[in-house]
Amino acid sequence: MVNKEKAKESIRGKLAGLILSAAVMIAGIYAARFIGILLVTSGVLPEGSASPVSGIFTAILLGILIRNGLAIPAVFDAGIDFAVKYALRTGIILLGLRLSISEALKLGAWGLPLIIACISTGLIVTLYFTEKLKQSNRLGTLIATGTGICGVTAIMATAPVIKAKENEISYAVANITVFGLIGMLFYPYLAHFFFEDNPVKAGLFLGTAIHDTAQVTGAALIYAQLFDAPETIDVATITKLTRNVFIIAVIPFVSYLFFRNRAQMNGKTGTELPRWYKLFPVFILGFLLLSVLRSIGDATAESGGQAFDMLTPEAWQQFHSFWSTFGSTYMLGLAMAGVGLSTNLRAFKGMGITPFYIGLIAALAVGSVSLVLIALFGDFVAV
């Protein structure tokens, strides 16, 4: 009888925490959309732009405000923790449907090396300065993946592998969001200054130098409308989605570096390294599987007129679009609302401003390498 009561109490606690996380997520989504509408109506962004501030980021902020401004009863904690762990993994897996590996091939033999060079720059510079400035390896790893690959999504995919703390996740997301926003507003003009009358080069630059997918799209729209170059949107989008594909390889790699460095710092070289399959967690395998599924569906729809001989191209488009949006918007939003609701502002004490400087240096380094390489080799890329 006692066990049944405990089980009921546990279920009620999880439901309460999940409902609270869902409410914060929904508020964050609508707040982000409202910010986007304000930016469009005020003329900062062109018509058709999505909000450059993700619902995930605003959900984190709202969660932090609620956690630190109100006394949340302990009964909510189990559900909040459940959202952070399981909604996060589900969201990352479903994101695989957003990425078609065949899209990457459109950039050809020259486009991929440019992207790899920019990703490598983001990772190397961030991790180097994290070590030199004696900052948290976990936080540095999160900022590195966010800068190098795909912003907030990469941070969230890396966090559970290296067991990052909630305050480190929140700090890294804020870091990436700030510099991504600055890049979105400034880089279209920089692209035009360096690559005037060459929309392919401009699109390559915007797609490699700006962190988050929504921010890349916003920057490409700004460029397209200011300089009458609509093809820039296609090039920037393909470039950014190709960057995102590398999450499959980079997350295990940076996780390995993190555990290796921690082992060396503890004087236990090799003994603390987890098994290889723990560096390549199940949810990343799920992400890869759905990405392959998306690629096969696209290929069969294009060659045979029906995806998997079952769905029309329109139905297939609706299917993968619905589930990838559900994952990126709702599942990841639920998880990040939980992160915010778990974050105590007192935990930020001692973290200081230095990690923001590291994020700034990394963003500038990626942008500079992107400019130089595109200037040298951009003429070889055709989309």
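Leaving aside neighbours within four places in sequence, which residues is Ile169 in contact with? Hold that for a moment.

First, the ground rules. This is a predicted model, where local features need pLDDT of at least 70, side-chain atom pairs count only at pLDDT 80 or more, and totals for chains, interfaces and linings use all residues. Residues are numbered from 1 along each chain as its sequence is written, and side-chain values use heavy atoms, with hydrogens and water left out.

Back to Ile169. Its contacts are Leu142, Ile155, Ala159, Ala164, Met336 and Val339, leaving aside neighbours within four places in sequence. Contact here means heavy atoms within 4.5 Å.

Ile169 also matters for the core list. The largest nonpolar core has 93 residues. A nonpolar core is a set of buried Ala, Val, Leu, Ile, Met, Phe, Trp, Tyr and Cys residues joined through side-chain atoms within 4.5 Å. Buried is under 20% relative accessible area, exposed is over 50%, and partly exposed is in between, with a 1.4 Å probe and protein chains only. Ile92, Leu142, Ile169, Phe205, Leu206, Ile247 and Met336 touch the most other members. Helix α8, residues 166–195, gives this core its largest share, 11 residues. Helices are DSSP runs of H or I, at least four residues, numbered from the N terminus.

Next, a helix pair. Helix α6 spans residues 137–150 and helix α7 spans residues 152–162. They pack at about 145°, with axes 7 Å apart. Axes are lines fitted to C-alpha atoms over the stretch in contact, and angles run from 0 to 180 degrees between N-to-C directions. On the α6 side, the contact includes Leu142 and Ile149; on the α7 side, it includes Ile155 and Ala159. By class, there are 8 nonpolar, 5 polar and 1 charged residues. Ala, Val, Leu, Ile, Met, Phe, Trp, Tyr, Cys and Pro count as nonpolar, Asp, Glu, Lys and Arg as charged, and the others, Gly among them, as polar.

Now Thr126, in helix α5, residues 108–132. Buried or exposed? Thr126 is buried, because its relative accessibility is 0%. A polar atom of its side chain lies 2.6 Å from the backbone oxygen of Gly122. Not counting residues up to four places away in sequence, Thr126 touches Gly140, Ile143, Ala144, Thr147, Ile358 and Ala362.

Last, Arg89, in helix α3, residues 77–95. Arg89 is partly exposed, because its relative accessibility is 30%. Pro281 is 192 residues away along the chain, yet the two C-alpha atoms are separated by 9.8 Å.

Key
Helix = DSSP H or I, 4+ residues; strand = E, 2+ residues; numbered from the N terminus. Polar contact = N/O pair within 3.5 Å; in protein donor to acceptor, adjacent residues only side chain to side chain.
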